[in-house]
Amino acid sequence: MAPSLSKLGVPEAVGLVDDDLTSSVTLDGSSFLANGHPILTNVPLNIIATPSPFLSSKKAKNTVGCFVGFDATEPRSRHVVPIGKLRGIRFMSIFRFKVWWTTHWVGNSGTDVEHETQMMLLDRSDSGRPYVLLLPLIEGKFRASLQPGQDDHVDICVESGSSLVCSSSFRSCLYMHVGDDPFDVIKDAMRVIRVHLGTFKLLEEKNPPPIVDKFGWCTWDAFYLKVNPEGIHEGVKGLVKGGCPPALVLIDDGWQSINHDDDPITDQGGLNRTAAGEQMPCRLIKFEENYKFKDYKSPRVGHGKGMGAFVKDLKEEFKSVEHVYVWHALLGYWGGVRPNVKGMPQSKVIVPKLSKGLETTMEDLAVDKIVENGVGLVPPEDAFEFYDGLHSHLESVGIDGVKVDVIHLLEMLSEEYGGRVELAKSYYKALTASVRKHFKGNGVIASMEHCNDFMFLGTETISLGRVGDDFWCTDPKGVTNGTFWLQGCHMVHCAYNSLWMGNFIHPDWDMFQSTHPCAEFHAASRAISGGPIYVSDSVGKHNFEVLKSLVLPDGSILRCQHYALPTRDCLFEDPLHDGKTMLKIWNLNKFTGVLGAFNCQGGGWCRKSRINKSFSQYSQTLNCLASPNDIEWAQGKSPIPIDGVAVFAVYGSKNKKVKLLKSSETLEISLEPFDYELLTVSPVTLLTGKSVHFAPIGLVNMLNTGGAIQLLAFDEDEQLVRVGVKGCGEFRVFASVKPRICRLDGVDVDFEYDDFMVTVQVPWPDSSRLSVVEYLF
């Protein structure tokens, strides 16, 4: 009997396969074929392929995927099995270079595949081979990843995380899906897996928290563990005074009551451990805040003392502050919860064990400290009691949400708890229930979560997460040029990881500092990322010129409609250390596209030394071509129709010039290392009455220039164009003819007309309403 999709609560984008449809991926003899084209050869006899019973509702494509499994000779807790040879086909992949974080990797053979690969996309060919997605899955109590095998084989690694959980037969540990569009093939596959597993929800089914539309300030790089109420107050005050009021304040690590196992049980023991890594062996001893926040006394009558008084004061004094979030680790703190502490759930210190796959990842201070000191794990059956206790306290003192960090730790602790999948299910179910109860279901930023266990099991309600390793101000190992090359790494992590993670969570590109040498580089990427924008500036140390290109006077931002992704011509290239590839990313606003070019060359993953390192020989001036065709106009919830558009107005953020391009035409961009260019790409519309060609550009003082355009209407009878503008500053449009009159909110205003651009100065309207600019021809 076919499953009932309606009972599963499945989105309409997924349907059941008709009997007359055949799989687009087949196992023919010893070869996997995609639409008849070989992709993997020398497939072993124990590999089993099963057509998917589900497909995307775009049935015209007749795309039916394929589940892959195998039979082994004996039950084990970990199997590594070759699934076929890959030779001469370019691929891009996402793999874990750290326990917590993934990044982009390319190659053209099975030998080139990295360990702990979470997804892999094979390139299409001119002869008709489609794009092919290889997606390792969860099956039963096992979780899968890809890795390099012998003689160009691609191996699948299937592991339970417990020697007590063994199996020998698998039928759906890998899913293959094909398509002619690289972005659609990933999305369509995720919709199928959403139905197949039934353990998560897609981002398109959820709403991210309101902080994504606001400017924020995080305390981490400003204070590290020395964060305190007085410092936070001064930090917010400085940003408000400078004209960039934060709507989000994120109190990072340093507010909790923690200590080492050999410390007396007081809330001051762990706070003296402020050197790098010293706090990581500490464990949580109370749900309540430590003495720095507990001893806060409000100067306002009736507000009392403690964290609740501080949060109330902050929101009342600074009207822009709408959301206060705090940090906590998935298991309470880096070292978990201290055992035998009155008022806390019981816990047991577990010595973490790294899998063979994790042993291939980069050396990490946090992992070393955690393994050395163990983790105080609350039993999974008590996980909801733990989260409910913590979150109910936070809600009671006015906290609006949490940044949940150190997420991918459970897999190291799962030996006695039914394996990694079962332990993760218990914890993520408890976290989900608590977040629904206390933080509206979506008041979470997920962090250090880059693994398919979390994506497939932890995203039923969580809808916002970090998609890159931390913003590093400098190289933690003290290498001087790390101040620069690490910024390129960060950009690439975020852009490529979003291809995978953006189906589950809204991508968050992390904070940065506005005074950093690469601040503009970061600001440009955040402006078009489509995610939240927040900084970690030290108190009183801000570059307001940079910040005001991102933030409006009310603390809101000009956020894109989609999330930024690499352009097609970058997918299978190496923008970090091939010495030639520029990272290009695209996104959509309501009426315009945006294209960003970033020279990130100069450092990245070293396969031999298993670390990220400098490759300064590749840090040089780069040239690339940019085109309106680089933008995926048909993607997202609100695609921009371009059928019939003959030409686009392309505005450069650096040269402040506009150029007309047909969709297939290009312009050349040349960038120094760690420099950028942003192009606003606007479809040109013809007002037929007077043959006026018109395209809105936006607020050119803002990095996401076209994000300011919130309304666009053409009146052929009146020969008038009406544009609704969010924000203030210098607003430009392209017009082939000088307008007779420009009006701002119904009043005639002065304007400039130069180089086919009309410029109007739009003041801040003292509210969040739109300003309406009218152009009469």
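Ile-399 is buried, with a relative accessible area of 3%, where buried denotes under 20% relative accessible area, exposed over 50% and partly exposed the range in between (1.4 Å probe, protein chains only). The structure is a predicted model, in which local features need pLDDT of at least 70 and side-chain atom pairs count only at pLDDT 80 or more, whereas totals for chains, interfaces and linings use all residues. Residues are numbered from 1 along each chain as its sequence is written, and side-chain values use heavy atoms, with hydrogens and water left out.

Ile-399 is placed in the loop between helix 7 and strand 24 (401–405), helices (H or I, at least four residues) and strands (E, at least two) being DSSP runs numbered from the N terminus. Leaving aside residues up to four places away in sequence, Ile-399 touches Val-311, Val-324, Tyr-325, Val-326, Leu-394 and Phe-439, contact meaning heavy atoms within 4.5 Å.

Helix 7 (residues 383–396) packs with helix 8 (residues 420–438) at an angle of about 25°, and their axes are 9 Å apart; the axes are lines fitted to C-alpha atoms, for helices over the stretch in contact, and angles run from 0 to 180 degrees between N-to-C directions. Helix 7 and helix 8 are therefore roughly parallel to each other, a label given to angles under 35 degrees, with those over 145 counted as roughly antiparallel, 65 to 115 as roughly perpendicular and the rest as oblique. Residues making this contact include Phe-384, Tyr-387 and His-391 of helix 7 and Tyr-427, Leu-431 and Val-435 of helix 8.

Helix 1 (residues 182–197) has 16 residues and reaches 23 Å from its first C-alpha to its last, close to the 22 Å expected at 1.5 Å a residue, the expected span being 1.5 Å times one less than the number of residues. Within helix 1, Asp-188 counts as buried at 5% relative accessibility. At the N-terminal end, helix 1 is capped by Asp-181, a side-chain oxygen of which lies 2.8 Å from the backbone nitrogen of Phe-183, while Gly-198, with a positive phi near 65°, follows the helix.

Asp-675, in the loop between strand 37 (667–671) and strand 38 (676–683), is partly exposed, with a relative accessible area of 24%. Asp-675 and Ala-597 are 78 residues apart in sequence and 8.5 Å apart in space, C-alpha to C-alpha.

Conventions:
Polar contact = N/O pair within 3.5 Å; in protein donor to acceptor, adjacent residues only side chain to side chain.
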